[in-house]
Amino acid sequence: MSDGTPDLASSTDRPATAARLRNLGTRLLSLAAIHSDRLVNEELARVGARKWHYAVLATLDEFGPASQSELSRRTGIHRSDMVAVINELADQGRVERSPNPADRRQNIIAVTEQGHRLIRELDSLLAEVENVVLAPLNPSEREELTRLLAALVDHHGRSM
């Protein structure tokens, strides 16, 4: 306000944000991502899972058994980190390793029935988180946001 009194956002009692901050897309994207990431991590941790577990299980569920290197390429998880993720999932009985018949030096990773149950649970849990995060948006706005975010991710070279 011009009289020196701070302008408060009427709907939330939060101080108003400077217009240049409120209109800076990269800042808004970052703030939304931080909030979303926190909620996703909290909910996954509640059921003993992590984002990388979900990425591996979802990829195997959709594309079928794969080598660790293929999983790394499809999920964007670094190969050295993929070993730890596969070890965790295997120790939990969620995936199983078997030698690749075409190349015995390589393992093929497949989802177990326990892994399929977990991925269904995680799909449901993440749909709930998405509903919380995207609550202010109507269905067509959600679709548009997803389309726009996918375009950004695709442009910058990360696989989904």
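**Figure 1. Arg-50 and its contacts.** Setting aside neighbours within four places in sequence, Arg-50 is in contact with Leu-44, Val-85 and Glu-88 in this predicted model. The model being predicted, side-chain atom pairs count only at pLDDT 80 or more. You will find Arg-50 in the loop between α2 (25-46) and α3. How far is the side chain of Arg-50 from that of Glu-88 in their polar contact? The distance between the two side chains is 2.7 Å. Arg-50 is partly exposed, because its relative accessible area of 36% falls between the limits of 20% and 50%. For a sense of scale, Arg-50 and Ser-69 are separated by 19 residues in sequence and by 20 Å in space, taken from C-alpha to C-alpha.

**Figure 2. Helix α3 against helix α5.** Here we look at α3, residues 51-63, packing with α5, residues 79-91. The angle between these helices is about 85° and their axes are 10 Å apart. That makes α3 roughly perpendicular to α5, because angles of 65 to 115 degrees are counted that way. On the α3 side, the contact is made by Trp-52, His-53, Val-56 and Leu-57. Facing them from α5 are Asp-81, Met-82, Val-85, Ile-86, Glu-88 and Leu-89. Sorted by class, the contact of α3 with α5 holds seven nonpolar residues, one polar residue and two charged ones.

**Figure 3. Helix α4 across helix α5.** At what angle do the axes of α4 and α5 cross? They cross at roughly 110° and come within 9 Å. Again the result is a roughly perpendicular pair, α4 with α5. From α4, the contact takes in Gln-68, Ser-69, Leu-71, Ser-72 and Thr-75, while α5 supplies Arg-79, Met-82, Val-83 and Ile-86. Divided by class, the residues of the contact of α4 with α5 are four nonpolar, four polar and one charged.

**Figure 4. Thr-75 in helix α4.** Thr-75 lies in α4, which covers residues 68-75. Is Thr-75 buried or exposed? With a relative accessible area of 10%, Thr-75 is buried, because buried means under 20%. The side chain of Thr-75 reaches the backbone nitrogen of Ile-77 at a distance of 3.2 Å. Thr-75 also belongs to the contact of α4 with α5.

Figure 5. Strand β2 runs over residues 95-100 and strand β3 over residues 103-111. Six bridges pair these two strands in the antiparallel sense. Which residue of β3 is the bridge partner of Val-95? The partner is Val-111. Two residues sit between β2 and β3 in this hairpin.

Figure 6. Three strands, in the order β1-β3-β2, make up an open sheet with antiparallel pairing. The edge strands are β1 (66-67) and β2, each of which pairs on one side only. Two bridges join β1 to β3, and these strands run antiparallel. Ser-67 has Ile-108 of β3 as its bridge partner. Helix α5 packs on this sheet and touches β2 and β3. The direction of α5 makes about 120° with that of β2.

Terms used. Residues numbered from 1 in each chain as written. Predicted model: local features only at pLDDT ≥ 70, side-chain atom pairs only at ≥ 80, totals over all residues. Heavy atoms only, no water. Pairing = 2+ DSSP bridges. Helix = DSSP H or I, 4+ residues; strand = E, 2+ residues; numbered from the N terminus. Axes fitted to C-alpha atoms, helices over the stretch in contact; angles between N-to-C directions. Parallel < 35°, antiparallel > 145°, perpendicular 65-115°, else oblique. Contact = heavy atoms within 4.5 Å. Nonpolar A, V, L, I, M, F, W, Y, C, P; charged D, E, K, R; others polar. Buried < 20%, exposed > 50% of the residue type's maximum accessible area, 1.4 Å probe, protein only. Polar contact = N/O pair within 3.5 Å; in protein donor to acceptor, adjacent residues only side chain to side chain.
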